[in-house]
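Hi everyone, thanks for coming. Let me put the model up, and then I'll walk you through a few spots in it.

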Amino acid sequence: MTTLSELLDAEQTPQGHGPGGQRSVPVDVTLERIRPVLPRMGVTRLANITGLDRIGIPVTLSIRPNGRVLSLGSGKGLTLPAALVSGAMEALELHHAEVLWQPATVRRTYEEIRGEMPVPEPADLPLARSAPFPHDWPYQWVCGWDIVAGEKVALPLSMIHMGNRQSRIFDLFSFQITSNGLASGNTLSEAIHSGLLEVIERDATTCHAERWERGVPPPPAHPDVLAHRTVQELLERIKKTGMDIVVTDCTVDTRVPVFRATVVDDEEQTAGRFTGYGAHLDPEVAVIRAITEAVQAHTVTIAGSRDDLYRHRELTRRAGAKQAGFLRAAAQRPAAAAPQSRAAHTFEEDVRRLIALLGDAGLRRVVVVDLSVPWCPVNVVKVVVPGLEGYRFENFAPGHRAVAFARTAGGAA
């Protein structure tokens, strides 16, 4: 890995190939590239489950019977090839994080490792709720590369490696284990771009979720965001089925457009809300991603086959039904300000702009761990921005950004 300037100056990879689908090559070409290695990654089948739902927006599954984290991944897109690539890439990412990547690690206490190389401050690490983090305990650490400062940075292995339960036990389960920032792409820049957007999206939606618990939901998306032709087509398609959809603006101080879309389905068999999120420097792309992800959640629930979906399904169903009316009422509040697109024509320039926006918000490090293996035709990375908030899973503990955001009366957009 090199410095940011060296990385971004080395190539200029155009992005595009359809609204909502940001790939450096067309999705059918991407699918051709990855199909031969899918069996080696444990993927036995890519399934088109679009027809199980009455909406009809493409949704797929990628089946990995021996997956250590999940045996099913899912994908979505405006076209079936895009959805197939989305599902396949999720499977490849998880397999890299579970099995393929064999990093060089060291076992040090926190005090020892910070004497050898830069390491995030404890407040910027994703510590698990109620778990210990003794500074004199010998944790396992791995090196990432800060593409801003151009230097190695130590990260807990448990933050990166998702398939080794033994190391997590020895590390006291101190850290949240999630796929946040795990991303793939046809090029390294494409993968970093995707990972950066995911960690920014997750931080923004988590900050708003913490504030919502104090009674302040995110504001509705500005009408200009919803006026794009593709967005209108998606919204009309959902509403024709008898379902409702609410799109809210979750943008925070990073100033990257982030949206939350919630499909509200009052049908008895699937009653509840189904949420998706999207982030991008182009607000149109961001909102398309949020809407298609919400549809994906609805369709995958109907399929009933994803192995992490029903752990708390009854609680989720009741909470969803309870909040559906509140969401509809919240949609009548004043809309957020109209976001402006800051998107460039290349992944490299987008990464540069995203890093600048993070820097303006006081987030100075962007650490990349390259998980790629030589025989796989795509790049896989884990992107970590110390200080950003993560997934609100069972062991989530809100960090300083979410706590501060929840205490404020209004959002910085």
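Leaving aside neighbours within four places in sequence, which residues is T292 in contact with? They are I57, K76, L78 and L234, where contact means heavy atoms within 4.5 Å.

A quick word on what you're seeing: this is a predicted model, where local features need pLDDT of at least 70, side-chain atom pairs count only at pLDDT 80 or more, and totals for chains, interfaces and linings use all residues. Residues are numbered from 1 along each chain as its sequence is written, and side-chain values use heavy atoms, with hydrogens and water left out.

Back to T292, which sits in helix α10, residues 283-303 (helices are DSSP runs of H or I, at least four residues, and strands are runs of E, at least two, numbered from the N terminus). T292 is buried, at 4% relative accessible area; buried means under 20%, with a 1.4 Å probe and protein chains only. A polar atom of its side chain lies 3.2 Å from the backbone oxygen of R289.

Take I238: not counting residues up to four places away in sequence, its partners include I57, I291 and V295.

Methods. Buried means under 20% relative accessible area, exposed over 50%, partly exposed in between (1.4 Å probe, protein chains only). A polar contact is a pair of N or O atoms within 3.5 Å; within protein, one must be able to donate a hydrogen and the other to accept it, and residues adjacent in sequence count only if both atoms are side-chain atoms.
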